[in-house]
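Hi everyone, thanks for making time this morning.

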Amino acid sequence: MSYNPQKIEAKWQKFWKTKKLYSVKDLEKGRKNFYHLVMFPYPSGDLHIGHWYNFAPADVYARFKRLQGFNVMSPMGFDAFGLPAEQAAIKRKIHPEKWTLNNIKTMVNQFEAMGNIYDWSRMIITCLPEYYKWNQWIFLKLFEKGLAYRKKAPANWCDNCKSILANEQAEGGKCWRCEGPVEQKEIDQWLLRITDYADRLLEDLDSLDWPERTKIMQKNWIGRSEGAEIEFPISNSNLKIKIFTTRADTVPGVTYLVVAPEHSLIKTLEARIRNINSVREYLDRARRKSELERMTESKSKSGVELQGITAINPFTKKEVPVWVSDYVLAGYGTGAIMAVPAHDERDFEFAKKFGLQIIQVVSDDGKSNELKEAYTGDGAMVNSKDLDNLPNNIAKDRIIEMINGKKKINYRFHDWLISRQRYWGTPIPIIYCKKCGAVPVPEKDLPVLLPKISDYTPEAGKSPLARSEKFVKTKCPKCGDPAERETDTMDTFVDSSWYYIRYTDPKNSKSLADIKKVKEWLPVKMYIGGAEHAVMHLLYARFFTKFLYDEGLINFQEPFLSLRHQGIILGTDGQKMSKSRGNVVDPDELVSKFGADSVRLYLCFMGEYHLGGPWNPTGILGVHRFLNRAYQFVGKFSKPVSKTSKNKEAVEHLLHKTIKKVGDDIELQKFNTAISALMVLLNEMEKNPENCTKEMAESFLKLLAPFAPHLTEELWNNLGNKKSIYLESWPEYSKKYIIDEKVELIIQINGRLRDKLLVARGMQQLEIEEMVMKSEKIKQALNNAKPKKIIFVADKLINLVV
């Protein structure tokens, strides 16, 4: 028989679709619900090999759980709004909706060719009104609770295009469209108070089965720190500069302050700044950098002194200069910092560069020394008046009290800015009335539909929706006067912050989802996706979940109980795949040549799933040969002879060990080693076909089924089975077969390894002692000495004490 994967795969994909095999009921008798989810993709147009690496191995896990007896829901949808689709549409002069929906059709066909277990009856597409209506509904609930608010916030502005840009559109300080300079400009934008949930977002991380590095990334991003808020009076003024610090013990060593370019102090005291022209030039340069650039720039810090303005150190009562620098951000903390160059590396470099005073106030030896670098450790106070020689950790609280500081908890992250001056997104459901102010759209009027417009390029810092008079002009829901709609659209991370809930009840027109269905499925048992989403999507989804829980709409506080990340597939050159490098692998070509099962199997076999690695174009040949051998072996399977032989027992032992090994490895998503075990098993079965039973062959197919669904369905059917293999159960192993008959026994003398012996499991101590004393290595090591004591641990070790 010839293995024809294309024919086999088309046959079984049609069978699954016709029989609706993967259409999941909310309750299935005898099966516990298991919600398995992979992060849904942007509808970019084609599934590349990176998509396959995300979705195919993840499907192995879903199929495994189904065979284990769970009622598995593994849905799929499309994160369809956002910048990528808008950029592609502008480039191709096609409407984003048409571009997006056409791509979705293509990708659905590609997903079906992959052979995944997806329940397509639950598909969600976030750009459709029946979905984004609920984005707007959640926004209104947040608004009701004071968790959605509007304020002026800095944004990336391109003066050439008269357009606000997202950070990703302003990389390198240049506009993605015209390559002109980008500057910072404050405009009114909508934000969500995610910071109100900071402590809960931190504390609940400990209960999650997530990669530790992801939990650490979220903890660092939230950045909870305990410190104090301290005020530095401005000389000859009633104004004060407020700062937050975790090192109040170093206030005696503050030799200058630094404010953000956006700090109100600069404008308020502009007349006192003697070098105002230099300051203005610096502010102009700072405005041309995105916030991301200012946060991540690795080169030495820049800045300008505000000559004519000084502050008073509240501890020493001495004047210190005030500087402006773009490494201080207005949106973080108070928008100002105190600088202690003796005890902060960044401040030390800044002070050295600009010739600023460095005063040591904490010392490891109780002495004030000339520092070659910042001292950041603990120690005794120096140069601190009455506090000298006091441990700095004790001095910290005393200093806060002495200078009337206030203890405070601060967070590194800030509220979530969701306004986007773009077309392709969810309209924000707010109406502006001159009399009533910002008025929420009544729930009965949802959704606020995204109108179809012909010109969707941004202009003059506003969304393209601002040009649609039909959309903008409306009436105030409160007073009935003429009013205007909000024209900003929502950040697409809003769409993905609750989509996992919608899968449980995707066609519900009356609520997010029926609470009964929510309780039956959620939270998600296993979530799989890229680590790059650690501090955005995953954090926002946790925030939304906690808010919806507080509103009594769901009964859980964490969306994803277990989380796993896949790695990244690199090109054959070890570089990230890109069309410009010419190292992109087309999965469609591989499927047409080798079949989807071979592609799936190789993606699982090529390395550890969470690491990824470079693509090897010849690697798929080996797994394709393996599947062909499996097809040939099972396909011509005949009943074995009835006589039992040692070879049969050997195969049976290996089979049961493989059942355990493959099951354990899939559970840990160690797909590569599971496949290795299957290869070893097939080798043994091929060597001893006359000693293999039909039951053994069927067990082998069940183990292979999660990896190669089409092939195993075909072979299962060829063995005379009428039902799908996925209606069967995962094989069970017998403990008696997985225990080795012989064990390696360690021989020690005075606790040091001297030899090893292969002995029968369960051998008694006296028998082993006899064997040990006959060992030439042991005789030499003992050198005629007799053991004073013998320590014996069955099946593990024997230790001779001399």
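Let's begin at lysine 385, which is found in the loop between E13 and H12. Those labels are DSSP runs numbered from the N terminus, where helices (H or I) have at least four residues and strands (E) at least two. Before going on, please keep in mind that this is a predicted model, where local features need pLDDT of at least 70, side-chain atom pairs count only at pLDDT 80 or more, and totals for chains, interfaces and linings use all residues. Residues are numbered from 1 along each chain as its sequence is written, and side-chain values use heavy atoms, with hydrogens and water left out.

Lysine 385 is not a glycine, yet its phi is positive, at about 55°. Its relative accessibility is 52%, so lysine 385 counts as exposed. The cut-offs are these: buried is under 20% relative accessible area, exposed is over 50%, and partly exposed is in between, with a 1.4 Å probe and protein chains only.

Asparagine 383 also sits in the loop between strand E13 (380-381) and helix H12 (392-402). Asparagine 383 has a positive phi too, about 50°, and is not a glycine either. At 42% relative accessibility, this asparagine counts as partly exposed.

**Two cis prolines**

Staying with the backbone, where are the cis peptide bonds? One joins leucine 446 and proline 447, with omega about 0°, and proline 447 is in the loop between E18 and H13. Another joins leucine 522 and proline 523, again with omega about 0°. You'll find proline 523 in the loop between helix H15 (515-521) and strand E22 (526-529).

**Salt bridges**

Now for the charges. Side chains of opposite charge can pair when their charged atoms come close. For us, a salt bridge means a side-chain nitrogen of Lys or Arg within 4 Å of a carboxyl oxygen of Asp or Glu. How many does a search of the whole structure find? The total is 44 salt bridges.

One of these pairs lysine 141 with glutamate 443, and their closest N and O atoms are 3.1 Å apart. Lysine 141 lies in helix H5 (residues 129-144) and glutamate 443 in the loop between strand E18 (437-440) and helix H13 (469-472), so the pair ties together parts that are 302 residues apart in sequence.

Next, lysine 145 forms a salt bridge with glutamate 551, with the closest N and O atoms 3.8 Å apart. This one links distant parts of the chain, 406 residues apart: lysine 145 is in the loop between H5 and strand E3 (148-158), and glutamate 551 is in the loop between helix H16 (537-550) and strand E23 (563-565). Glutamate 551 is partly exposed, at 26% relative accessible area.

There is a network as well: salt bridges link Asp26, Asp119, Arg122, Asp505 and Lys517.

**Helix H9**

Arginine 280 and glutamate 270 form a salt bridge, the closest N and O atoms being 3.3 Å apart. Arginine 280 is in helix H9 (residues 276-287), and glutamate 270 is in the loop between helix H8 (264-268) and H9.

Which residues of H9 are buried? They are Ile276, Val279, Tyr282, Leu283 and Ala286. An α-helix has 3.6 residues a turn, so residues three or four places apart point the same way.

**A parallel sheet**

Last stop: an open sheet of four strands, in the order E2-E1-E22-E23, with parallel pairing. Two strands pair if DSSP finds at least two bridges between them. Strand E2 (71-73) and E23 stand at the edges with a single partner strand each, so one side of each has no neighbour in the sheet. Strand E1 (residues 33-38) pairs with E2 in the parallel sense over three bridges, and asparagine 33 stands opposite asparagine 71 in E2.

Thanks, everyone; I'm happy to take questions.
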